[in-house]
Each structure stands twice: as C-alpha cells, then as structure tokens.
Amino acid sequence: MTQLVVKGIGKTYADGTEALRGVDIHVGTGEIVAILGGSGCGKTTLLRLIAGLDRASTGTIAVDGVALNGTHAAISAVFQEPRLLPWLTTEANIAFGGRRLAAAERQARAASLLARVGLAGHGARWPRELSGGQQQRIAIARALIGHPGVLLLDEPFSALDPFTRTSLHDLLLDLWRELRPTVVMVTHDIEEAVVLADRIVVMRPHPGRVQETLPVDLPRPRDRLAPAFDLTKRNVLRAINRSLAEAPSGHGAAAGGGVSPWV
Amino acid sequence: MRRGAWVVGLIIPAGLAIVWEIAVRAGLAPGRLMPPPSRLFQTAWALARSGELQTHVVATMARVLLGFAIGAAAGTLLGMLNGASAWAMRLLDPSIQALRAIPSIAWVPLFILWLGIFETSKLALIALGVFFPVYLGILSAIRSVDRKLIEVGRVFGLSRTGIALRITWPAVMPTWIASLRTGLGLGFMFVVAAELMGASEGLGYLLLDGQQMGRADSILVAMIIFAVLGKISDGVLVALSRPVLRWQDTNRIRL
Ligand SMILES: Nc1ncnc2c1ncn2[C@@H]1O[C@H](COP(=O)(O)OP(=O)(O)OP(=O)(O)O)[C@@H](O)[C@H]1O
Ligand SMILES: [Mg+2]
C-alpha cells in the first residue's frame with residue numbers, strides 16, 4: 001500500500017536540455033495514473049527519476065512520505081522493451097525480480113506468476129524463443145513478483161499489435177486487482193489510458209510540464225464501445241489540443257488556436 | 001546439416017592423399033620431399049613405438065597449456081580490472097596498448113637474455129601471445145554491455161557487485177570464450193616459435209630436427225599432429241563452454 005508524491009520535479013540534462021520543470025503528481029495508494037503526452041515531453045525522464053535511475057535537478061519524490069534517494073525496494077518497472085536477461089530462462093527471469101524474497105517463496109511465486117501470465121509450460125525456454133508479447137508478459141511478471149508498492153510502466157505495449165495489446169491490458173488489470181500496486185504508466189495511446197487509468201495526466205513539452213489532470217470516472221470493467229468511454233476519450237483529446245495550442249510556436253503548435261488535424 | 005554430411009569435406013584431402021600415394025608408387029613422382037601417406041604413417045608409428053612421439057606431444061602440450069593458463073588469467077584479470085575501473089583503465093591501458101604494438105616474436109631475444117633458453121622464456125612468449133586477445137576481448141565486451149540490462153539490475157535492487165556477477169559477467173561470457181579460443185590458437189602458434197628457437201623436445205623440435213636431417217616425413221608428421229592437437233584443444237574448450245552458452249545457441253534467430 002504505497003503512496004507516491006512527486007513534488008516540484010525538474011530535470012535538466014548535462015547537455016542543457018530542460019526535460020522537466022516543476023512537475024507535481026500525487027498518486028494515491030493502489031491508484032492507476034496514466035501519463036499522456038507527445039514525444040519529447042519528458043515522460044520517460046519522469047519515470048526514470050521515480051525509478052531512481054537518474055537524479056532530479058530540483059524537487060523531491062517520496063514514497064509513503066519518505067524521500068527517495070536512488071532505487072527503492074518498493075518500486076519496480078516494466079520498460080518499453082522487455083529487457084529480459086537472455087541468459088536466464090523465462091522462469092528465472094521472473095524470479096530475478098524477486099531477489100528480496102526468500103528462495104522458496106521466490107520459486108513458488110515465479111511458477112505461479114508464469115501461469116498467471118498465460119505461459120505455464122514455457123518456463124524453461126529462453127527469452128529469444130518467445131514472441132514480443134510473450135516477452136512483455138514475462139517482464140510484467142518479473143516486475144510484480146517482489147510485491148512492489150509502485151509499478152512503473154513506460155509505454156510497455158507500444159510495440160505490440162492491437163490484439164496482443166488489448167489482451168495485455170486485461171492481464172495487467174487482473175494482476176492489479178489482485179495485487180493492488182500503485183501504478184504510473186506512460187503511454188501514447190489515448191484509448192489505453194482511458195481503459196486502464198483512474199486519472200490521466202496530460203503533459204506538455206519544452207520543457208515538460210503537467211498540462212492538466214483528468215479523472216476517469218468509468219466503472220470497471222470498462223467497455224471500450226460504451227458512449228461514456230468515447231466521451232472520456234474526447235475530453236482527453238481536448239486536453240491534448242489545449243496542450244498543443246499552448247506550446248510555443250515552432251514546437252508543433254496548431255495554427256488557429258488549437259484545432260489539431262487529428263480530431 | 002544432415003547427419004554424416006560432413007563426410008563431403010573429406011573428399012578433397014582423402015582424394016589428394018590417394019592420388020599422391022598412387023603417383024609415388026607408380027614412380028611418377030619421387031616422394032622424397034613430399035612423402036606419400038603410407039610413409040607418414042610408418043614414420044608416425046615408429047615415433048610412437050619408441051615413445052618419442054609421446055614425449056614431444058607432452059612437452060608441447062604442457063608448454064601450451066601452462067602458457068595459455070598464465071596468459072589467459074592475466075588477460076582476464078587485467079581486462080576485468082580495466083573494465084570495472086575507469087581509473088585503472090586510464091592508468092594501465094595506454095601501456096598495454098603500447099606493448100601490443102610490438103610484434104610478440106620480437107620479444108624472443110630479450111626473453112632469452114632475461115630468462116635463459118629453457119622453459120621460462122618459452123612460457124613467457126606463449127603467455128604473452130595469449131594475453132593480448134583475451135585482454136582486448138574481455139575489455140571490449142565489458143565496455144559494450146547493454147546499459148539497458150544494467151538498469152534492470154539496478155531497478156531490481158542489485159548492488160554493484162551483484163550487477164558485475166549477475167549481469168556483466170554472463171553478458172561478457174560469449175566474447176570471453178571466443179577470445180580464449182583465439183588465445184589458444186595463438187598459444188599453438190607461439191609454442192612453435194618458442195620451440196624453434198631451441199628445444200630438446202617438443203613437436204617444434206621435431207620440425208627443426210626434420211629440417212636439419214632432411215626428413216620431410218617427420219616434419220609433416222609434426223605438422224599434422226599440431227593440427228590435431230589444436231583442433232582437439234579447441235573442441236575441449238568449446239565443449240566446456242557449451243553449458244554456459246546454451247542460451248546463445250543460434251538455432252532460432254528472430255528479426
Ligand atoms: N540522456 C539524455 N541526455 C540529454 N537529453 C535527453 C536525455 N534523455 C532525454 N533527453 C531529452 O529530454 C527530453 C525528454 O525526453 P524523454 O525521453 O523523457 O521524452 P518522452 O516524453 O519519453 O518521449 P517519447 O514519447 O518519444 O518516448 C527530450 O528533449 C530528449 O531529447
Ligand atoms: Mg519515452
């Protein structure tokens with residue numbers, strides 16, 4: 001049960017690129033927050049800071065009130081690519097995420113998660129023998145084996161076809177219902193955000209900031225075909241348009257006050 | 001490849017051997033400078049019967065293996081040190097690269113002067129030859145380990161040592177083994193050089209002796225045995241490394 005508070009986070013890279021400025025995000029226990037924004041608005045940067053892989057230039061990140069300093073036992077991640085260790089079998093890859101568990105529990109949980117992500121019987125295979133979607137399932141299982149309080153996902157499904165992606169949305173939600181981690185997920189996909197998130201944070205680039213935060217008040221399980229679903233999607237699109245309209249010119253600002261060509 | 005398909009590769013050497021045997025027997029070729037296969041068998045058999053061949057093989061293999069062990073251990077340790085520490089890299093690598101620019105055989109006179117003409121100078125030469133490919137191999141492998149996999153280790157709570165053991169080391173393994181194989185090949189090359197510069201036993205001695213006695217047959221027997229020993233040693237190295245490289249088997253490559 002973990003609360004994540006991101007406060008006043010700014011990040012300027014060594015080469016002078018200001019990737020983030022003054023980002024405040026508060027993620028409640030067991031909540032799913034989706035971060036939506038165009039390319040280059042600092043989404044990956046933000047996740048890396050939360051994961052402790054990079055250091056923020058300003059601001060603090062706190063888990064349950066304790067400020068982070070580097071990586072943290074309660075935080076785990078799924079990257080955009082599966083990033084499985086090629087020299088470990090699929091089951092050993094899952095177990096790798098549970099290094100802090102006792103050996104017996106780790107084995108048992110790795111086996112049960114393997115089945116849980118639909119790959120029972122594939123435990124002895126090598127990662128390169130799995131499809132991209134299967135690999136990403138293993139990566140999700142690896143991220144969840146250690147009972148993380150916070151699960152970070154950086155466009156985890158963007159390389160997958162719509163069929164696989166939809167089935168992985170369902171899988172992720174099932175696991176979330178069961179384990180209740182606090183989830184921060186970066187995505188480019190509006191529908192994905194509306195299917196999964198309790199709240200959607202829309203970001204704006206140059207430098208990366210929060211444009212606005214939209215609650216998604218749809219009952220779960222969510223019906224992608226329901227009119228209310230469409231309504232929410234349209235609200236998100238409007239927020240994205242506003243973010244484009246306010247972007248400084250030369251950075252993809254839509255001419256004429258915010259009518260993006262793709263609405 | 002189908003089972004037994006390797007037999008095709010035997011056609012040319014076996015064919016040439018048969019043709020040569022017939023040519024010499026029919027008196028079409030003299031066979032003194034290039035003895036026919038039957039002659040080589042006789043020579044090898046005689047050498048084996050007298051126990052001389054075993055002495056040479058043991059002497060040569062002992063030099064290669066010991067020199068290889070020293071050179072490979074030094075190359076691996078220094079490569080790991082310089083791969084792990086930027087400071088050690090800045091301090092040591094320039095000197096090592098400078099030494100590498102010297103052709104290894106050029107060390108022979110100095111080694112003899114320093115270490116005498118007996119075993120020590122031979123081992124030093126072989127170890128030196130093995131050292132460089134192993135050092136360069138492991139160093140470049142460590143430096144090119146995928147940063148993304150290192151990050152996986154960090155996210156899941158590995159310490160620096162944990163990352164070195166559980167991520168860097170397995171990632172480096174294939175290149176390390178490839179460099180050991182190159183090193184072993186060079187070890188055989190340098191054992192010949194070492195034994196040619198003076199030895200009372202060893203296959204290199206057999207080569208030199210054959211040259212001085214005008215016996216092409218013992219030269220050829222020594223050459224063939226070098227080939228066989230080299231192939232067997234490499235095969236043993238590959239077999240030993242197979243269990244740890246199973247994940248890399250390239251039967252199924254995805255795009
Ligand atoms: N290591 C780095 N050094 C310098 N600049 C960087 C670095 N990483 C990212 N940036 C810059 O920071 C900005 C934000 O990058 P980031 O990768 O966080 O964007 P993103 O929102 O994840 O984009 P995408 O949707 O394309 O993944 C970009 O302008 C990028 O060029
Ligand atoms: Mg990104």
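By class, the shell around ligand 1 holds eight polar, three nonpolar and three charged residues; Ala, Val, Leu, Ile, Met, Phe, Trp, Tyr, Cys and Pro count as nonpolar, Asp, Glu, Lys and Arg as charged, and the others, Gly among them, as polar. The model is predicted, with local features needing pLDDT of at least 70 and side-chain atom pairs pLDDT 80 or more, while totals for chains, interfaces and linings use all residues; side-chain values use heavy atoms, without hydrogens or water. Residues are numbered from 1 along each chain as its sequence is written, chains are lettered from A and ligands numbered from 1 in the order in which they are written.

The shell has 14 residues, each with a heavy atom within 4 Å of the ligand. A:S39, A:K43, A:T44, A:T45 and A:H188 are the closest. An oxygen atom of ligand 1 lies 2.7 Å from a side-chain N or O atom of A:K43, and an oxygen atom of the ligand is 3.2 Å from a polar backbone atom of A:C41.

Chain A also meets chain B: 26 residues of chain A contact 21 of chain B, where contact means heavy atoms within 4.5 Å. About 2,300 Å² is buried between the two chains, 59% of it from carbon and sulfur atoms; buried area is the accessible area (1.4 Å probe) that two parts lose on being put together, summed over both. On the chain A side, A:W87, A:F96 and A:R128 lose the most area.

Three salt bridges cross this interface, each a side-chain nitrogen of Lys or Arg within 4 Å of a carboxyl oxygen of Asp or Glu. B:K148 and A:E81 form a salt bridge at 3.7 Å, N to O.

Definitions and conventions: Polar contact = N/O pair within 3.5 Å; in protein donor to acceptor, adjacent residues only side chain to side chain.
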